[in-house]
Amino acid sequence: MTEIATAPKVEEKLFQNRYLVDAGKPHIRVREHETPSASLLAMTRLCPAGCYAVTESGQVEVAADGCLECGTCRIVTRKTGEVEWNYPRGGFGVLYKFG
Ligand code: SF4
């Protein structure tokens, strides 16, 4: 009986990446809001890096340290303008590992 190689999980692949955090200068910010729009709320499920979370008081916050720079939150919240999105400064952000 031959053994079938299993593909690594996405979480295992993401763990290979490294991040250089630009302390105090996050490249993504959530603008102040009372109640998040459905689009912003959806980011707590859509962000592949799990950067978005709901606070105890019901607002959505982002911790951009593990951001993959995929741009999903930029596109999803484009119409509501709740997310301020920029690329990290040169030399900071995600460092992808291939192979
Ligand atoms: S750009 Fe992608 S990985 Fe980064 S916070 Fe937005 S959805 Fe998450």
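1. Which residues does the UniProt annotation "domain: ETF-QO/FixX C-terminal" cover? According to that record, which is an unreviewed entry, the annotation covers residues 42-96. In this predicted model, the end C-alpha atoms of residues 42-96 lie 26 Å apart, and the span is 18% helix and 22% strand.

2. As for the overall fold, the secondary structure of the chain comes to three helices and six strands, and, read from the N terminus, these elements follow the order α-β-β-α-β-β-α-β-β.

3. On overall dimensions, the C-alpha trace spans about 60 × 35 × 25 Å along its principal axes, and the radius of gyration of the chain is 16 Å, whereas a compact globule of 99 residues would have a value near 13 Å. Buried residues account for 15% of the 99 residues in the chain.

4. The largest nonpolar core has twelve residues, among them Ile28, Val30, Leu40, Met43, Cys47, Val60 and Val62. At least two residues of this core are supplied by each of β2 (28-30), α2 (38-46) and β4 (60-62).

5. Turning to the ligand, 13 residues surround it, and the closest are Cys47, Cys67, Cys70, Thr72 and Cys73.

6. Cys47 deserves a separate look: once its neighbours within four places in sequence are left aside, Cys47 is in contact with Tyr52, Thr72 and Cys73. For the chain as a whole, among contacts between residues at least 6 apart in sequence, 67% join residues at least 24 apart.

How values were computed
Residues are numbered from 1 along each chain as its sequence is written. This is a predicted model: local features need pLDDT of at least 70, side-chain atom pairs count only at pLDDT 80 or more; totals for chains, interfaces and linings use all residues. A residue is near a molecule or strand if its C-beta atom, placed from the backbone, lies within 6 Å of it. UniProt positions are given in the numbering used here, feature names are shortened, and annotations may be inferred rather than shown by experiment. Helices (H or I, at least four residues) and strands (E, at least two) are DSSP runs, numbered from the N terminus. A nonpolar core is a set of buried Ala, Val, Leu, Ile, Met, Phe, Trp, Tyr and Cys residues joined through C-beta atoms within 7 Å. A residue is buried if 20 or more other C-beta atoms lie within 10 Å of its own, exposed if 12 or fewer, and partly exposed in between; C-beta atoms are placed from the backbone. Two residues are in contact if their C-beta atoms, placed from the backbone, lie within 7 Å. The radius of gyration is taken over C-alpha atoms; the globule rule is 2.2 Å times the number of residues to the power 0.38.
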